[in-house]
Structure formats: structure tokens, C-alpha cells
Amino acid sequence: MMRPVNARLDEHLPSDHRLSKVYRVGAGLTGLLLVVFGILGLIDRIGFFDTGGDTVLALNTNGALSVLSICIGLLLFVGMVIGGSFASTLNIVLGVLFIASGFVNLALLDTQMNFLAFHIPNVLFSFVVGVMLMWFGMYGRVGSALPHDNPYWRARHPEQAAREQRAQSRTGGRPVGRPA
């Protein structure tokens, strides 16, 4: 029988933790990609809500999409700088929003409501970036085989983590079950 877990995740994952590096790299690379796309769109001086088919890096764009891309890219840079659980959560949330945006803009193709000038490549790009951000955000945070020294595993299994910590302190800091 499954029972609810009353564990709280440590929201202060150290910024130098190896998981934080994954979250930072994911946020930074994706943010860089979005900022470059946005700046190139603005350099072309495309109309703010122009839907005329102007492309940058093989994606349709206009001024509104360029500014939105720069803002989201800068937000990802903030996540990269802060790191830790914040970067992980930001990657996950923005990943879900990118996927949702792909579906919404897919429904808006060929309508007057397509004010971001999306075409099919833009929709596919939204899906790919969304999945990529979610992967970076969830890395080491979800899964059935997380190592027992993982802070997220420890938060979900506090009793077992405490038992292992006590056993490890009795063995002089060596992980339980490992030779000296």
C-alpha cells in the first residue's frame, strides 16, 4: 500500500553540487540559443507583429517573438547564475511552457491569432526545446534508480537516509556495503 511522503526537498541545493552543474549548463545553453535568435530577429528590423514570413536561423520570427525569446533567454541566464534547485525547477517549468506553447501555436497556425508568426518549424522547435529543458531540469531529480547520496532521493526517503547516515558514521565515513 502506498502512503504519502511528507518529505520536503532541500531547496538550497549547493551551487557547486554536481547536479547543479547540469541544471546550469542546460539553462545557459538554451538561454544563449534563445538570446542569439532574438537578437538576430531584432537586427533584421522585422515588424513587431509582422506575419510576413521573415526567417532567422530557419525559423519564422517577428519583433514580438524576438523580444520574447530574449526575455526567456535572460531568465534562463538568471537560472544559470543561481543554480541549484532554482535552476532545476526553472528548467522544468519553462520546458512545460515551451511544450504548451508548441501545442497552442500549432492550433493557431493559419489563423489571425498567430501573432508570433509561428510555422511548423517553430512548433517543432518549441517541442524540442521544451523536452530538452525538461530533461536538463529533471536530471538527477526524478527516476527509479537515483543513488542514495542524491539529495532528492534523501528527501524522499528520510528514514532510510537517516539509517544509512548512522551506519556510515559507525563505519568511519565509508558507504555501507563497500570495502575499505
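**Ground rules.** I number residues from 1 along each chain as its sequence is written, and side-chain values use heavy atoms, with hydrogens and water left out. As the model is predicted, local features need pLDDT of at least 70 and side-chain atom pairs count only at pLDDT 80 or more, while totals for chains, interfaces and linings use all residues.

**α1 against α3.** I started with helix α1 (residues 18–43) and helix α3 (residues 84–108), which pack at an angle of about 45° with axes 8 Å apart. Helices here are DSSP runs (H or I, at least four residues), numbered from the N terminus. Axes are lines fitted to C-alpha atoms over the stretch in contact, and angles run from 0 to 180 degrees between N-to-C directions. The pair is therefore oblique; my cut-offs are under 35 degrees for roughly parallel, over 145 for roughly antiparallel, 65 to 115 for roughly perpendicular, and oblique for the rest. The crossing is left-handed, that is, the near helix is turned anticlockwise from the far one by less than a right angle.

Who touches whom? On the α1 side I find S20, Y23, G26, A27 and L34, and they meet G84, A87, S88, N91 and F98 of α3; contact means heavy atoms within 4.5 Å. I sort these residues into five nonpolar, five polar and no charged. Nonpolar covers Ala, Val, Leu, Ile, Met, Phe, Trp, Tyr, Cys and Pro; charged is Asp, Glu, Lys and Arg; the others, Gly among them, are polar.

**S88.** S88 has a relative accessible area of 0%, so I log S88 as buried (buried is under 20%, exposed over 50%, partly exposed in between, with a 1.4 Å probe and protein chains only). The S88 side chain reaches the backbone oxygen of G137 at 2.6 Å.

**α1 against α2.** Next I checked helix α2 (residues 63–82): its axis and that of α1 come within 7 Å and cross at roughly 155°. That makes the two roughly antiparallel. Here α1 passes α2 in a left-handed crossing, and the contact residues divide into 17 nonpolar, 10 polar and one charged.

**The α3–α4 loop.** Both D110 and A117 sit in the loop between α3 and α4 (120–138). I noted a positive phi near 60° for D110 and for A117, neither a glycine. Buried or exposed? D110 is exposed at 80% relative accessibility, whereas A117 is buried at 3%.

**E164.** Last, I found E164 in helix α6 (residues 158–170), partly exposed at 24%. E164 and H148 are 16 residues apart in sequence and 8.7 Å apart in space, C-alpha to C-alpha.

How values were computed: A polar contact is a pair of N or O atoms within 3.5 Å; within protein, one must be able to donate a hydrogen and the other to accept it, and residues adjacent in sequence count only if both atoms are side-chain atoms.
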